[in-house]
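Hello,

Here is the structure I promised to pass on to you. Have a look at it first, and then read my notes below.

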Amino acid sequence: MPTPSPLDIPQLFEDNILSPVIPVDNLQTVEGIALGKKLFFDPILSVNKTQACADCHVPQNAFTDPDRFSDGVNGSLGNRNSMPLFNLAWNYDENFFWDGSAFSLEHQAFDPVRDHNEMASSWPEVEQKLQQHTEYSNLFEKAFGTQKIDSNLVTKAIAQFERTLISSNSKFDKFLLGETNLTSEELNGFNVFMDENRGDCFHCHGSDKNPLWTDNLFHNNGLDETFTDLGLGAVTGDPADNGKFKSPSLRNLAFTAPYMHDGRFETLEDVINHYSEGLKNSNTIDPLMKKVAQGGVGLSEKDKSDLKAFLLSLSDYEFINNSAFSNP
């Protein structure tokens with residue numbers, strides 16, 4: 001029988017009554033997590049065995065891609081920046097991808113394998129390669145009690161590993177736990193973040209009471225007047241959703257450049273300037289972008305600098321150096 005391996009819930013998550021979403025038909029086990037980790041780093045999932053999940057979700061970059069767009073196995077590029085992977089078990093609506101097109105972490109893992117811009121394979125082909133592999137049959141038997149490998153079990157194992165990618169040890173986390181102090185710049189930056197008359201960032205990205213630092217919802221944050229990528233609108237078919245994309249977590253920004261769904265901003269300064277004076281109006285812009293008529297919230301140069309300092313305090317260096325998450 002597989003060995004149960006419940007998630008180690010961070011104290012700040014427990015303090016704020018955040019329980020993980022764990023499907024009853026895919027409970028965390030030692031063997032399932034180990035199998036998922038091996039699959040995550042194995043290029044066998046791609047059509048020509050040249051690309052693994054970890055090639056577009058790099059551990060040292062908080063499981064995102066430092067390139068604006070990722071190269072697929074055929075040299076083709078996508079049109080969105082690879083999303084970082086951490087604290088995925090606390091996405092309560094379970095809508096994944098920038099546009100929310102996948103429901104549940106298990107289902108999310110289906111698409112990259114068969115996407116022609118990514119791994120460009122097919123699930124029957126992947127199942128056959130895994131079945132013929134010298135190790136995988138035994139690993140699946142240990143994890144799931146069967147040597148018959150199918151796509152459902154592959155994605156379940158990957159999801160188990162991905163749920164272990166928990167980030168909760170940033171400087172700001174340690175400050176909230178009373179273990180360190182913030183600089184005056186970081187403290188002012190946090191106040192800018194929380195102040196509706198200055199940064200006004202907390203509505204979409206949470207606060208010290210939300211250690212996820214995202215609402216996991218979809219917003220049009222004023223990037224464009226017209227849309228070449230409809231985002232959520234292409235999924236729902238509702239024009240009112242055009243230009244809406246998932247709010248990413250603000251954790252680990254030190255490692256996850258470039259920023260936004262299409263990686264258009266190379267630096268945090270670019271991001272802050274966008275909200276300060278770069279907002280563009282459109283029919284679906286979020287009402288939370290209250291100062292769009294003025295171009296943005298109009299931060300002073302000091303507030304911009306301090307806001308950046310605060311945002312960087314949300315970066316978790318232990319997470320990106322955790323050997324449990326690195327290539328086995």
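First, a word on residue classes: Ala, Val, Leu, Ile, Met, Phe, Trp, Tyr, Cys and Pro count as nonpolar, Asp, Glu, Lys and Arg as charged, and the others, Gly among them, as polar. By that scheme, 5 nonpolar, 2 polar and 3 charged residues line the largest cavity. A cavity here is a set of points on a 1 Å grid over the protein atoms alone where a 1.4 Å probe fits but cannot get out, and lining residues have an atom within 4 Å of a point.

Please keep in mind that this is a predicted model, where local features need pLDDT of at least 70, side-chain atom pairs count only at pLDDT 80 or more, and totals for chains, interfaces and linings use all residues. Residues are numbered from 1 along each chain as its sequence is written, and side-chain values use heavy atoms, with hydrogens and water left out.

**The cavity**

The largest cavity has a volume of about 30 Å³, a volume being the space filled by probe spheres set on the points, which are joined across faces, edges and corners. Its lining includes Leu12, Phe172, Trp213 and Arg251. Helix 9 (residues 171–176) gives the largest share of that lining, 3 residues; helices (H or I, at least four residues) and strands (E, at least two) are DSSP runs numbered from the N terminus.

**Aromatic pairs**

There are 20 aromatic pairs in the structure (ring centres of Phe, Tyr and Trp, the last by its six-membered ring, within 6.5 Å; planes under 30 degrees apart are stacked, over 60 edge-to-face and the rest tilted). One of them joins Phe63 and Phe319, tilted, at 5.9 Å centre to centre and 55 degrees between the planes. Phe63 lies in the loop between helix 3 and strand 1 and Phe319 in helix 15, so this pair ties together parts 256 residues apart in sequence. Phe63 is buried (under 20% relative accessible area, with over 50% exposed and partly exposed in between, using a 1.4 Å probe and protein chains only), at 0%. Phe319 is buried too, at 3%.

Best wishes

Conventions:
On a 1 Å grid over the protein atoms alone, a cavity is a set of points where a 1.4 Å probe fits but cannot get out, and a pocket is an open set with protein on both sides within 12 Å along at least five of seven lines; lining residues have an atom within 4 Å of a point.
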